[in-house]
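Please examine the sequence and the model shown below before reading on. The paragraphs that follow proceed from individual residues to the sheet, its helix and the core.

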Amino acid sequence: MYYIKLFLLSVALSSITAVSGEQKSSVACEHDKLTISCNDGYYIRIVNALYGRKQQSTCFRAGLVSNTNCAAGSALTVVQSRCDNLSKCTVDASNEVFGDPCFGTFKYLEVEYECVPSTKPSSVACEHQKLNISCNDGHYLWIVNALYGRKQSCICPMRNRVSNTNCSAGTALSVVQSRCNNLTNCSVDASSRMFGDPCIGTYKYLEVEYQCLPISGSKTSSVACEHDKLNIKCNPGYSLWIVNALYGRKQQSTCFRAGQVSNTNCAAGTALTVVQSRCNKLTECTVDASNGMFGDPCFGTYKYLEVEYQCLPNKQDVLLPIDIRMCNNC
């Protein structure tokens with residue numbers, strides 16, 4: 001009964017959502033998946049990670065827990081690369097991800113993390129101009145607030161037309177959200193034609209508060225054996241974004257060839273850069289899984305190319321920055 005309780009506890013801990021601002025710890029037993037997430041408006045910051053074993057009671061398995069001085073040196077770096085700055089992430093608790101730090105020991109993945117508030121930049125466009133906002137690659141826009149009207153006199157000043165500072169169009173938030181949410185770049189006219197005129201005779205402005213949230217959608221992995229070609233593509237309207245790439249060998253089972261798979265610590269240092277340069281921002285690309293493309297990181301080993309990628313919404317055409325007239329003492 002004691003072991004059953006421990007097992008149920010480990011399952012419960014393997015998928016957890018953190019309360020904003022608290023530091024949390026989550027555990028997944030070997031061969032399971034660890035999922036962590038933060039509330040809306042917060043992103044993950046990994047504090048510590050262990051893949052191995054430091055105590056017998058966690059993920060107990062009789063006869064396989066005596067070694068309590070076992071830790072993969074790559075654990076923190078791997079989990080940070082997969083989870084930092086995302087709102088949700090999933091990591092396999094497996095030797096394929098971290099390597100095997102102690103053969104014959106039943107291991108677990110334990111991750112300590114925090115949920116950190118996302119920043120909220122603000123952008124302004126004066127009436128009759130365009131407001132253009134954008135996020136870096138791998139992030140999407142999420143509109144927090146929007147004002148079309150006037151709440152203070154010093155933003156977009158115009159003589160005799162700024163005295164009404166209690167003016168706002170009720171449609172502003174919904175209109176901007178419908179045009180910008182989930183895109184990486186958008187443009188909105190700061191005009192009464194777009195939002196209606198909440199205060200005739202007042203010179204208005206559009207002010208938008210937004211977040212750039214990491215795209216934490218599904219990541220796809222594709223493999224090609226040495227001498228073959230790897231082809232990846234996205235649906236129309238989406239572009240490739242390469243997350244990770246390996247040319248070499250990290251496990252025996254992938255692209256198995258008898259007598260040529262014993263070296264499982266083989267990786268070409270150029271793999272990610274090469275694949276990104278050939279595939280990022282395209283709808284479809286093809287890459288040769290060959291030494292001619294990446295160099296030979298382990299002579300005599302039969303290698304493979306494994307690429308992890310996302311399909312991101314295409315950016316709209318980037319517009320020139322607008323001239324926003326603002327004073328410094330608002």
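Does H31 count as buried, partly exposed or exposed? At 61% relative accessibility, H31 counts as exposed, where buried means under 20% relative accessible area, exposed over 50%, and partly exposed in between (1.4 Å probe, protein chains only). The structure is a predicted model, in which local features need pLDDT of at least 70 and side-chain atom pairs count only at pLDDT 80 or more, while totals for chains, interfaces and linings use all residues. Residues are numbered from 1 along each chain as its sequence is written, and side-chain values use heavy atoms, with hydrogens and water left out.

The chain as a whole may be summarised first. Its secondary structure comes to 7 helices and 19 strands; helices (H or I, at least four residues) and strands (E, at least two) are DSSP runs, numbered from the N terminus. Of the 330 residues of the protein chain, 41% count as buried. The accessible surface comes to about 17000 Å², of which 48% belongs to carbon and sulfur atoms; such areas come from the Shrake-Rupley method with a 1.4 Å probe, and for residues only the protein chains shown count as cover. Among contacts (heavy atoms within 4.5 Å) between residues at least 6 apart in sequence, 74% join residues at least 24 apart.

We turn next to an open sheet. Four strands form it in the order β2-β7-β4-β5, with antiparallel pairing; two strands pair if DSSP finds at least two bridges between them. The edge strands are β2 (23–29) and β5, each of which pairs on one side only. Strand β2 is joined to β7 by 7 bridges, and S25 has E112 as its bridge partner in β7. Between β4 (residues 42–53) and β7 (residues 108–117) there are 10 bridges. Along this pairing, Y42 has P117 as its bridge partner in β7, I44 has C115, and G52 stands opposite Y108. On the side of β5 (residues 70–71), 2 bridges join that strand to β4, and here G52 stands opposite A71.

What packs on this sheet, touching β4 and β7? The element is α2, whose direction makes about 150° with that of β4; axes are lines fitted to C-alpha atoms, for helices over the stretch in contact, and angles run from 0 to 180 degrees between N-to-C directions. The buried residues of α2 are A75, V78, V79 and C83. Seen down the axis of α2, these buried residues fall within an arc of 105°, so they line one face of the helix; the arc is that of the directions from the helix axis to the C-beta atoms. The face turned away from the buried side carries the exposed residues T77 and S81. The cover over the buried residues of α2 includes β4, β6, α3 (95–98) and β7.

Of its 22 residues, I36, I44, I46, V79, F98, L109 and V111 touch the most other members. The elements that give two or more residues to this core are β3 (33–38), β4, α2 (75–83), β6 (88–92) and β7.

The backbone and the loops complete the account. Most residues other than glycine have a negative phi. H31, in the loop between β2 and β3, has a positive phi near 80°. C59 lies in the loop between β4 and β5, and its phi is positive too, near 50°. At 6% relative accessibility, C59 counts as buried, whereas H31 counts as exposed. N85 follows α2 and has a positive phi near 70°. Elsewhere, G201 is found in the loop between α5 (192–195) and β13 (205–214). At 48% relative accessibility, G201 counts as partly exposed. G201 and V162 are 39 residues apart in sequence and 9.0 Å apart in space, C-alpha to C-alpha.

Key. A nonpolar core is a set of buried Ala, Val, Leu, Ile, Met, Phe, Trp, Tyr and Cys residues joined through side-chain atoms within 4.5 Å.
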